[in-house]
Amino acid sequence: MNKFFKIVGVLVIFLGMYGQVYATTGTRLLLSVPKKSVAVGEEVLLSVMVASPMQSINAVSGTITFPPNVSLGAIRTEGSVVNFWTAEPHIFANKVTFEGVILNPGYKGQQGKLFTIPLVIKKA
């Protein structure tokens, strides 16, 4: 039971630190999981989304770094607002790097899906 709370704490701290990244245009990168708590060994889908309520965006790029106790599964891009990936989202050394283009008129909205990543917490 104690390990369970440590995992939840790590996930909450992780999402608190990396959950939203702001740019000068009010554009944000959002990381969202459907569950409030996750047990060791349980899989959860992390949705990586973009919010750009004030201005259309036509490109996204970034790197998301995960702690070593998180195992990353195959990245899923179906349903993405990105029309063309110049660098498909890929995993290397617990980092996910991505770069893509959104065709005219771009994306303007609150929760534009970029991709999802299955995560498994390996240990506390």
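# Close-up views of the aromatic cluster, core and sheet

View 1. Trp85 is buried, with a relative accessible area of 12%, where buried means under 20% relative accessible area, exposed over 50% and partly exposed in between (1.4 Å probe, protein chains only). The model is predicted, so local features need pLDDT of at least 70 and side-chain atom pairs count only at pLDDT 80 or more, while totals for chains, interfaces and linings use all residues. Residues are numbered from 1 along each chain as its sequence is written, and side-chain values use heavy atoms, with hydrogens and water left out. The structure holds two aromatic pairs, a term for rings of Phe, Tyr and Trp (its six-membered ring) whose centres lie within 6.5 Å, with planes under 30 degrees apart counted as stacked, over 60 as edge-to-face and the rest as tilted. In one of these, the ring centres of Trp85 and Phe115 are 6.2 Å apart and the planes stand at 65°, so the pair is edge-to-face. This pair links distant parts of the chain, since Trp85 lies in strand β6 (residues 84-92) and Phe115 in strand β8, 30 residues apart; strands (E, at least two residues) and helices (H or I, at least four) are DSSP runs numbered from the N terminus.

**View 2. Phe115 with Phe98.** Phe115 counts as buried, at 0% relative accessibility. Phe98 and Phe115 form an edge-to-face aromatic pair, with 5.1 Å from centre to centre and 65° between the planes. Phe98 lies in strand β7 and Phe115 in strand β8, so the pair ties together parts that are 17 residues apart in sequence. Phe98 also counts as buried, at 3% relative accessibility, and ring pairs link Trp85, Phe98 and Phe115 into a cluster.

**View 3. The largest nonpolar core.** This core has 27 residues, and those with the most contacts inside it are Val48, Phe66, Leu114, Phe115 and Ile117; a nonpolar core is a set of buried Ala, Val, Leu, Ile, Met, Phe, Trp, Tyr and Cys residues joined through side-chain atoms within 4.5 Å. Elements that give two or more residues to the core include β2 (28-32), β3 (43-57) and β7 (95-101), and β8 gives the most, with six residues.

**View 4. The open sheet of β4, β7 and β6.** Three strands form an open sheet in the order β4-β7-β6 with antiparallel pairing, two strands being paired if DSSP finds at least two bridges between them. β4 and β6 stand at the edges with a single partner strand each, so one side of each is left without a neighbour in the sheet. Six bridges join β6 to β7, and Phe84 stands opposite Val101 in β7.
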